[in-house]
Amino acid sequence: MARATGLLDPHQGGSLAGLSASDTFTTLTHEVKTLQMAGRKVSTLILDIKGGFDNVNPSTLGGMLRAKGVNPYLVFWTKSFLPGRSCGLLYQGSPTVFAPVSVGTPQGSAVSPLLFVISISRLHCEIPNGLSLSYVDDFGLTTSSASYRRKIQILQKEYARLKARGARLGVGFSVPKTELIHWCTNRDRNPITNAPIHLDGSVFMPKNEVRWLGYWFTPSISTTPHFVKRLAKAQAAFVAVKQLSPSRIGLPPFLCHRLASSLLFPILSYGADAFLPMVHMTRKLSVFWHKVQRWTTNCFMCTPTDILTSKGCLPPLELLFRYKHRLAHLRIM
């Protein structure tokens, strides 16, 4: 209903059925490469809404729903759902005194994320030769130009417009979480530019690595830094998991298999639906996956990997990655 009535912007993601973080990531990388093929210099400004769910105004949201012709019953239900709440701090010996809350959505409710996404839909606008993307409370402003100097000026202008729209909605942006990245191609010299951007009296230098929606971006959109960090997280989780199943005692093999497939693999493969690791990185990931297979099957260190794959019912990592990548392609098509 939210899509049918135009309550959402096409470039919004998060809290919406059929749209995941990988869709937002794929949209961004596609737009960047498309603009680069046209010979333009591309940059992205990463922003985070300050307070997010705490700044949803019931009156403003109700006006947006009425303006889009939403059923009056749903408008009144939304306006009655948000207000009339109170909050307080509960700890041992604390007084049971609660203060009324006039704005914000309860984060424990399933409908709250959708109401928040609807309330910030007006922040989006068309950017010439660029794109405005968001995933819940994470924003990305992408602009392009023939020169880096002009591109920075466009970014500053678009940020000023976004900030003005946010002020009308009672929404602000967190300065410490603001990041800038200049995209490049393999033909560009390195470093391409160190031009900073000035926003609200603060200077933001371009970064060589930016984390957004759990993905690690580099100016050249290399996959290696992302999977290096995924490997480190998976190794840390594996150390903790192995303590549950020491040799000769602990978890049975079928529970070890369940942990490997439902915990370790998702950590290791996050992002594989959007891009695949390079050959040298795949080898490093496979070495770790072989250790997981040996732990699951409790086989000898000299046991061939083909036997580990068959006995542990854990396919080779490269096949799992490609399978996950192709499923994402089929979903998009």
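Contact here means heavy atoms within 4.5 Å. The model on screen is predicted.

**Stop 1: two helices**

Select residues 224–242, which form helix H6, and residues 279–297, which form helix H8. Their axes lie 10 Å apart, and the helices pack at an angle of about 15°. Angles under 35 degrees count as roughly parallel, and H6 and H8 are therefore roughly parallel to each other. Their crossing is left-handed.

**Stop 2: the contact between them**

Show side chains on both helices. On the H6 side, select Thr 224, Phe 227, Val 228, Leu 231, Ala 234, Gln 235, Phe 238, Val 241 and Lys 242. On the H8 side, they meet His 280, Met 281, Lys 284, Leu 285, Phe 288, Lys 291, Val 292 and Trp 295. Coloured by class, the residues of this contact come out as 11 nonpolar, 3 polar and 3 charged.

**Stop 3: the cavity**

Next, how many cavities of 30 Å³ or more does the structure hold? There is 1. The largest cavity has a volume of about 90 Å³.

To find this cavity, select its lining: Gly 52, Asn 55, Val 56, Asn 57, Thr 60, Leu 61, Met 64, Phe 116, Ser 119, Ile 120, Leu 169 and Val 171. Helix H2 (58–67) and helix H4 (112–119) are the elements that give two or more residues to this lining. Which of the elements gives the most? H2 does, with 3 residues.

Colour the lining by class to finish: 7 residues are nonpolar and 5 are polar, with no charged residue among them.

Technical notes: Residues numbered from 1 in each chain as written. Predicted model: local features only at pLDDT ≥ 70, side-chain atom pairs only at ≥ 80, totals over all residues. Heavy atoms only, no water. Axes fitted to C-alpha atoms, helices over the stretch in contact; angles between N-to-C directions. Helix = DSSP H or I, 4+ residues; strand = E, 2+ residues; numbered from the N terminus. Parallel < 35°, antiparallel > 145°, perpendicular 65-115°, else oblique. Left-handed = near helix turned anticlockwise from the far one by under 90°. Nonpolar A, V, L, I, M, F, W, Y, C, P; charged D, E, K, R; others polar. 1 Å grid on protein atoms, 1.4 Å probe; cavity = no way out; pocket = protein on both sides within 12 Å on 5 of 7 lines; lining within 4 Å. Points joined across faces, edges and corners; volume = space filled by probe spheres on them.
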